[in-house]
Amino acid sequence: MRAMVFPGPGRPLQLCEVPDPVPGSGEVLIEIEACGVCRTDLHIVDGELTEPMLPLIPGHEIVGRIRGFGPGERDDALRIGQRVGVPWLGHTCGCCSYCADARENLCDAPLFTGYTRDGGYADLTVADRSYVFPLSEQADPVALAPLMCAGLIGYRTYRLAGPGRRFGLYGFGAAAHILAQILLWQGAEVYAVTRDGDETAQALARDLGVTWVGGASEPPPVSLDAALIFAPVGALVPAALKVVRKGGRVVCGGIHMSDIPSFPYADLWEERQILSVANLTRADGLEFLPLAAQAGVQVHTTPYPLERANAALDDLRAGRLAGAAVLRP
Ligand SMILES: [Zn+2]
Ligand SMILES: [Zn+2]
């Protein structure tokens with residue numbers, strides 16, 4: 001099969017012909033229809049996430065069809081030809097204290113798709129059958145791909161934000177533009193904060209009908225129930241903290257962020273909270289994917305052929321994308 005292979009930090013992905021993967025016990029073989037390009041992929045190729053398997057096939061927003069099963073007993077309803085999605089969390093141990101408590105997103109011995117196991121920048125992949133989610137057979141696979149991480153992590157970030165009606169979304173890229181649609185569909189107010197002067201992101205937010213759009217240097221005009229931060233910019237944390245109401249939360253949805261500057265304790269006082277989101281649980285996927293369909297989420301995508309993965313990463317790094325980049329084998 002063809003794959004875009006990451007040889008190590010600071011080096012571009014290389015188009016390679018590699019042996020087809022063979023599903024092991026408990027795994028499925030998937031023919032890939034589309035694979036989204038996530039900011040986490042950028043953190044991997046730029047060396048900010050420091051422990052990738054090498055060489056590595058990146059990509060953890062996989063949509064494809066099941067083409068085979070590994071050996072062993074099967075107790076689920078997965079079938080040949082079925083369309084499924086594969087997310088970032090690709091395997092958990094099943095026996096640590098977190099797995100035992102259904103908090104498998106914090107598993108002590110996890111494997112991550114496209115980071116510590118091969119992912120979806122390829123024609124084929126194998127996945128742990130416990131971590132594949134059934135997807136719509138009719139939908140466009142390119143539009144489904146960003147749901148597998150941007151959508152799921154955005155949704156988990158929102159779940160950790162607690163109750164509320166007024167939500168600030170800081171960084172209006174793939175995750176925020178999906179979550180904004182769900183929040184608006186639920187009747188919430190959405191305050192979109194972009195980089196100063198980022199006309200593309202601001203236009204996307206306006207098109208979706210958000211309540212207010214502004215740049216990072218102009219705070220939202222109301223006090224927020226929660227601020228959800230998707231931009232990898234630590235300085236947004238104290239800025240957002242100043243805007244959330246008493247008891248409000250600032251939830252950081254990314255896997256990597258620049259350092260958070262110090263701030264006065266008074267800004268945290270009155271039971272404001274700062275939280276981070278790590279990975280996802282299977283329950284998140286089973287809850288979010290039908291909800292996204294019900295809410296009629298329209299994902300804005302820019303498709304690239306598989307062999308142009310480096311261009312897609314460059315465009316994401318340079319902020320040249322509105323919505324999400326998706327590779328098609
Ligand atoms: Zn575990
Ligand atoms: Zn991701």
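At what angle do the axes of helix H4 and helix H5 cross? Please take that pair as the starting point and follow the chain onward from there.

Modeller: Please keep in mind that this is a predicted model. The axes of helix H4, residues 150–159, and helix H5, residues 174–185, cross at roughly 60° and come within 8 Å, and the crossing in which H4 passes H5 is right-handed. On the side of H4, the contact is made by Ala150, Gly151, Ile153, Gly154, Tyr155 and Tyr158, and these meet Ala174, Ala175, Ala176, Ile178 and Leu179 of H5. Sorted by class, this contact between H4 and H5 has nine nonpolar residues and two polar ones, with no charged residue.

Between these two helices the chain can be followed through two residues, Gly164 and Tyr170. Gly164 is found in the loop between H4 and strand E10, and it counts as partly exposed because it has 18 C-beta neighbours inside 10 Å, whereas a residue needs 20 or more to be called buried. Leaving aside residues up to four places away in sequence, Gly164 touches Asp225 and Ala226. The C-alpha atom of Gly164 is also separated by 9.4 Å from that of Glu189, a residue 25 places apart from it along the chain.

Tyr170 has its place in strand E10, which covers residues 166–170. Tyr170 is buried, because 26 other C-beta atoms lie within 10 Å. Again not counting residues up to four places away in sequence, Tyr170 touches Val193, Ala227, Leu228, Ile229, Phe230, Ala231, Leu236 and Ala240. Its C-alpha atom and that of Arg195, 25 residues apart along the chain, are separated by 8.7 Å.

After H6 comes Gly209, whose phi is positive, near 85°.

Most residues other than glycine have a negative phi, and most peptide bonds are trans. Glu270 has its place in the loop between strand E14 (244–252) and strand E15 (273–276), and it counts as exposed because it has 11 C-beta neighbours inside 10 Å.

To place this part within the whole, the protein is divided into domain 1, made of 2–148 + 280–328, and domain 2, made of 161–276. The C-alpha centres of the two domains lie 26 Å apart, and their contact takes 18 residues from domain 1 and 14 residues from domain 2. On the side of domain 1 that touches domain 2, the elements giving two or more residues are helix H1 (39–45) and helix H8 (282–294), and H1 gives the most, with three residues.

Notes: Residues are numbered from 1 along each chain as its sequence is written. Chains are lettered from A and ligands numbered from 1 in the order in which they are written. This is a predicted model: local features need pLDDT of at least 70, side-chain atom pairs count only at pLDDT 80 or more; totals for chains, interfaces and linings use all residues. Axes are lines fitted to C-alpha atoms, for helices over the stretch in contact, and angles run from 0 to 180 degrees between N-to-C directions. Helices (H or I, at least four residues) and strands (E, at least two) are DSSP runs, numbered from the N terminus. A crossing is left-handed if the near helix is turned anticlockwise from the far one by less than a right angle, and right-handed if clockwise. Two residues are in contact if their C-beta atoms, placed from the backbone, lie within 7 Å. Ala, Val, Leu, Ile, Met, Phe, Trp, Tyr, Cys and Pro count as nonpolar, Asp, Glu, Lys and Arg as charged, and the others, Gly among them, as polar. A residue is buried if 20 or more other C-beta atoms lie within 10 Å of its own, exposed if 12 or fewer, and partly exposed in between; C-beta atoms are placed from the backbone. Domain bounds come from an automatic or database domain assignment.
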